[in-house]
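Here are my notes on the model, point by point. Please read them with the structure open.

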Amino acid sequence: MLQIGDEVMYFSALFLLVLLATRSATGASLLTAFLYVFMVMFRFPPVPADQAGRVLRPGAPSGSVPVVAHRGGSHDAPENTLAAIREASRNGATGVELDLSFTADGVAVLMDDETVDRTTNGSGQVNKLHFVQLRRLDAAARHRLKDKFSAEKVPTLQEAVEESIKHQLTIFFDVKGQPDKAASVLHEMYKKFPVLYNSSVVCSFEPKVIYKMRQTDPRVVTALTHRPWRLSQFADGAPRTLSSWGQLWTGALDILLDWAHHHILWKLCGISAILVQKDSISKDYVQYWAERGVEVLGWTVNTAVEKDYYQNLLEIGYITDSLLEDCEAHF
């Protein structure tokens with residue numbers, strides 16, 4: 001949990017910043033008090049530690065750490081498919097990360113991108129295609145092992161949940177947006193399959209998604225996903241804008257967002273875990289979150305050297321594209 005000393009330090013720093021900006025002790029006091037009351041009234045407590053532990057540290061071979069297959073293991077099988085879930089289980093994963101999306105007629109399906117172009121033999125935006133159109137596509141068409149997994153279909157969320165439960169895999173539901181719709185659909189899944197409370201996590205880059213999920217169902221284990229400099233840089237490090245002013249502005253927003261994740265948002269949402277880009281994690285970083293009762297998982301860990309580091313030095317779970325061999329990261 002957040003230490004009392006942390007809260008005193010954060011709100012004291014806020015008071016001093018506002019005081020310096022406004023030169024009004026009254027105004028600084030009122031704003032600081034308002035934000036403190038807001039945090040107390042509207043934050044969600046995390047789920048019980050024993051429940052979070054069952055989800056985030058599921059049974060695994062002695063001495064090992066949880067290993068989550070990214071998009072079901074996108075190097076080993078066509079991503080976000082039932083075949084990927086089966087392969088992940090066969091290859092020793094303890095969990096699968098699956099991406100939630102919606103068709104034009106509101107059907108919840110698995111798809112990472114906004115379009116179907118990269119992974120299927122079709123074209124177009126997912127939210128502009130009806131489910132019957134999506135179902136005709138070959139989800140293995142562009143995969144390196146397409147001959148092995150021919151004619152794989154885009155599954156519905158429920159089909160993926162049933163397959164994951166069948167193989168006793170922990171599910172990390174990755175939600176990109178549409179917090180109201182996502183929270184509603186996932187809540188229905190939890191009602192239909194109560195086992196999910198002890199075998200799944202709802203995670204997102206967007207704090208509003210996690211907050212809405214906790215608001216809809218406070219019993220769900222949740223996690224924030226974080227990558228430093230996400231607003232100013234693409235995953236490969238390339239700048240999102242060539243404008244100097246744009247880089248300066250988005251860089252400043254990144255600094256603010258990073259601070260908010262580590263000091264405010266996690267507490268407001270009551271998360272149980274934080275999923276962080278692998279290059280930003282160290283023993284001290286893991287300890288920082290352990291003191292606050294939050295588990296750390298790294299992504300995307302794709303080489304034997306990196307996996308050994310997570311297994312034997314950090315001793316925390318990780319998300320990987322392949323459980324079989326080294327591979328390039330799939331952003």
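**Notes on the predicted model**

1. Start in the loop between β8 (295-299) and α11 (304-314), where Thr300 is found. The model is a predicted one. A cis peptide bond joins Trp299 and Thr300. Its omega is about -20°. Most peptide bonds are trans. Please look at this spot by eye.

2. Asn80 sits in the loop between β1 (67-70) and α4 (82-90). Its phi is near 55°, a positive value in a residue other than glycine. Most residues other than glycine have a negative phi.

3. Now the overall fold. The protein has eleven helices and nine strands. The C-alpha trace spans about 70 × 45 × 40 Å along the principal axes. How does the radius of gyration compare with that of a compact globule? For 331 residues, a compact globule would have a value near 20 Å. The protein has 21 Å, so the two agree.

4. Next, the largest pocket. About 1000 Å³ of space lies in it. The lining holds 36 residues. Closest to the pocket centre are Arg71, Asp112, Asp174, Lys176 and Phe205.

5. Which strands supply at least two residues each to the lining of the largest pocket? They are β2 (95-102), β4 (170-175) and β5 (200-204). The largest share comes from β2, with four residues.

6. On helix packing, take α8 (residues 207-216) and α9 (residues 244-269). Their axes come within 9 Å and cross at roughly 25°. Angles under 35 degrees count as roughly parallel, so α8 is roughly parallel to α9. On the α8 side, the contact is made by Pro207, Ile210, Tyr211 and Arg214. On the α9 side, Leu265, Leu268 and Cys269 take part.

7. What is the make-up of the contact of α8 with α9 by class? Six of its residues are nonpolar, one is charged and none is polar.

Definitions and conventions: Residues numbered from 1 in each chain as written. Predicted model: local features only at pLDDT ≥ 70, side-chain atom pairs only at ≥ 80, totals over all residues. Heavy atoms only, no water. 1 Å grid on protein atoms, 1.4 Å probe; cavity = no way out; pocket = protein on both sides within 12 Å on 5 of 7 lines; lining within 4 Å. Points joined across faces, edges and corners; volume = space filled by probe spheres on them. Axes fitted to C-alpha atoms, helices over the stretch in contact; angles between N-to-C directions. Parallel < 35°, antiparallel > 145°, perpendicular 65-115°, else oblique. Contact = heavy atoms within 4.5 Å. Nonpolar A, V, L, I, M, F, W, Y, C, P; charged D, E, K, R; others polar. Rg over C-alpha atoms; globule rule 2.2 N^0.38 Å.
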